[in-house]
Structures are given as C-alpha cells and as structure tokens.
Amino acid sequence: ATEAIHRSLAELAAKGGGTLQIPAGVYKISDSFHIPPSVCIAGVGKGRTILVYDQNGRRLGGLRGKEALFNIRTRAGMRDLTIESNKLTEVGIWIYNTEGDYVSRDCFLERVEVNMVHGPRAEKTYAIFVNRPWNNQPHHAERLRMRSCEIAGGVGGMRYVNIRDSEFIDNRFQSAGSVIVHGSGMTHCVFTGNFAEPTKWSQRA
C-alpha cells in the first residue's frame, strides 16, 4: 500500500487538494508520508481501515530526520482510521510547519486511533507530536481540531508546543505518561469530554 498512498498523495497535491479515501482493510506501510495542504487521508472508521507499520530498523524520512509515520504541515488532516506501529518509531503523527511563517493552520484529526509500541526507546516515543522549536523560529499551531480520537502507547500520548485557538473534544489518551505541553503551552483552546489515564495533562516550561 505504501507506493499507492505516495502516488495518490502526489496526485492530490498536483490538483490542489482532495481526499484520499482508503477502504476497509488492513494495509501494511513501510515508509513515512507527508500529507500536502488541503489533503485529507480518510478511512471508513476506526478499527476498519487500519494502517500498520511493521518495518524494523529502517529510518523513516520524517521532518528533520525524525521517525514520524505521518507528517502534516498545514491545512490537512486525517479521519476515520487506525494507525498501528508494531515496531518502534518516534512519532505516529507529527504536525509541524517548516515553511513560510512556521505556523500550522487548520489541521485536523477526527475519529483517528493511534497505537504506538512502547519499547527500549520509549522515552522518545509519542503518538502525536505538535510543533518543535527549530532554528530559533516561533512555531505555532492555530485552529487545530482533534475530535473523538483514541491515543495509546509512547511515553506521552501527545506532546505539544505553542497551540492557540484550537479544540480538543471527546478524546481518550492511554499511555505510559501524561499528555505533555511544553513552552508557552495552549491559549484560547477548548477542552471538552477528554479522558487521560493513567496520568494527567501536564505543563513543562
């Protein structure tokens, strides 16, 4: 499925956007993916469309060389599917813009399930990673929408830096650690119906 997804994403990018619809089934993937602006990867439901990364020892081509399965820069997202990593990778979904004003805008995750393995490099493993300081640039995410997602595995289900005007509604986090917020954290964000175990949301300077 890897080449077919790469090819479809490139075609949608050339058209200026659209939805890559993936039918029900289990699909093995062996590389990372960059979701272009105005593009959505959509399945038919959590537990029905399942993307499984099961490569061992292969370095993924994520942003800044990080091992991220799916990279989202701006105005793009995923919905109605499950992502599983049977081998240890650093990041499941990374929302991070390295271009223009370094702001990720209008990204979304809706009804997405992410299951990350918890292994020897677990201290570096996150199911979802939003932003990261780079070249002294003030990275931000604006109008991020995360609804009805299920996050499991990793040291922290999610790690965020500098998020504003965003909403987190009806999400469930199950990981070895808390949902960690670094830097200036979150401003003007809406939190409704979220559940985290075994620990809480936390803020770190």
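I began with Glu142, whose side chain makes a polar contact with the side chain of Arg105 at 3.2 Å. By polar contact I mean a pair of N or O atoms within 3.5 Å, where within protein one must be able to donate a hydrogen and the other to accept it, and residues adjacent in sequence count only if both atoms are side-chain atoms.

A note on the source: this is a predicted model, where local features need pLDDT of at least 70, side-chain atom pairs count only at pLDDT 80 or more, and totals for chains, interfaces and linings use all residues. Residues are numbered from 1 along each chain as its sequence is written, and side-chain values use heavy atoms, with hydrogens and water left out.

Next I asked where Glu142 sits: its place is in strand S12, residues 140–142. Strands (E, at least two residues) are DSSP runs, numbered from the N terminus. Is Glu142 buried or exposed? I found it buried, with a relative accessible area of 11%; buried means under 20%, exposed over 50%, partly exposed in between, with a 1.4 Å probe and protein chains only.

Then I turned to strand S6, residues 68–72, and found 5 of its 5 residues buried. Which strands pair with S6? Strand S3 (residues 33–35) runs parallel to S6, joined by 3 bridges, and Ile35 stands opposite Ile72. Strand S8 (residues 91–95) is also parallel to S6, with 4 bridges; there Asn71 has Trp94 as its bridge partner. Two strands pair if DSSP finds at least two bridges between them.

Last, I looked at the whole protein: buried residues make up 50% of its 205 residues.
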